[in-house]
Amino acid sequence: GDQVASGPAKRWAFFLPAGVPIMTTPKQKAEVLDQAGLDRALTRIAHEIVEQAGGADLALVGIKTRGETLAGRIADKIAGIEGKRPAVGALDITLYRDDLGHRAEQPQVRSTEIPFPLKNLTVVLVDDVLFTGRTIRAAMDALMDLGRPRVIRLAVLVDRGHRELPIRPDYVGKNLPTSRKESVAVMLREHDGQDRVVIQEPPEE
């Protein structure tokens, strides 16, 4: 997701006068999806994708790392509904800052793993958390460079608001109002040994 902590903990570092960092872990504020809730959200997204696709050729493209994992899970659910598993690809997009820190974090496409032609496909981009929209814009640009899909749609597990671009998801597992100081941690069993989504607050200084 863009500008979001994924995984069990995003760490903040505070430095002592001697320059030795003390690593602190953000505080959990609330659990917003447990294992059953997360699975239900993905099942609902899969049904909505199938219904809206109307038999068109589908492909899912996940944004690494957890978006790719979610895309695979949704593809498995679509296979259970339709009897055919859609193709699944991945985009690796990272956020970087300029050396002087004058600009906000900008997304950069590091690699693409899409071993199938996109022409005339209905492509569903999949990400864990939608925040400012900058990562999704970079992902769409990358897809258009690779081919001409019939349509590009967006599925996210969590929409936390604070958009900076006119981007809106077509399929949402959970709408989650947050403050900017909070982070949303998506934990998946393939990476974190458990399925849950929590809101975290930065540690008190």
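Colleague: Which residues have the most contacts inside the largest nonpolar core?

Modeller: This is a predicted model, in which local features need pLDDT of at least 70 and side-chain atom pairs count only at pLDDT 80 or more, while totals for chains, interfaces and linings use all residues. Residues are numbered from 1 along each chain as its sequence is written, and side-chain values use heavy atoms, with hydrogens and water left out. A nonpolar core is a set of buried Ala, Val, Leu, Ile, Met, Phe, Trp, Tyr and Cys residues joined through side-chain atoms within 4.5 Å, where buried means under 20% relative accessible area, exposed over 50% and partly exposed in between, with a 1.4 Å probe and protein chains only. The largest such core has 30 residues, and those with the most contacts inside it are Ile49, Leu60, Ile74, Leu157 and Val197.

Colleague: Which element gives this core its largest share?

Modeller: Helices (H or I, at least four residues) and strands (E, at least two) are DSSP runs numbered from the N terminus. At least two core residues each come from S3 (27-33), H1, S4, H2, S7, S8, S10 (183-187) and S11 (196-201). The largest share, eight residues, comes from H1.

Colleague: How far apart are the C-alpha atoms of Leu157 and Val197?

Modeller: Leu157 is in strand S8, and its relative accessible area of 1% makes it buried. Along the chain, Leu157 and Val197 are 40 residues apart. Their C-alpha atoms are separated by 9.4 Å.

Colleague: What distance separates the end C-alpha atoms of helix H2?

Modeller: The expected span of a helix is 1.5 Å times one less than its number of residues. H2 covers residues 66-82, 17 residues in total, so it should span 24 Å. The model agrees, with its end C-alpha atoms apart by 24 Å.

Colleague: Which residue just after H2 takes a positive phi?

Modeller: Within H2, the buried residues include Arg66, Leu70, Ile74 and Ile78. Just after the helix, a positive phi of about 85° is taken by Gly83.

Colleague: What is the omega of the cis peptide bond between Lys64 and Thr65?

Modeller: Thr65 is found in the loop between S4 (58-63) and H2. The cis bond joining Lys64 to Thr65 has an omega of about 5°.

Colleague: Is Asn120 buried or exposed?

Modeller: Asn120 lies in the loop between S6 (106-113) and S7 (122-130). It is not a glycine, yet its phi is positive, about 70°. At 53% relative accessibility, Asn120 counts as exposed.

Colleague: What does His162 count as, at 26% relative accessibility?

Modeller: His162 sits in the loop between S8 (151-159) and S9 (171-175). Its phi is positive, about 65°, although it is not a glycine. At 26% relative accessibility, His162 counts as partly exposed.
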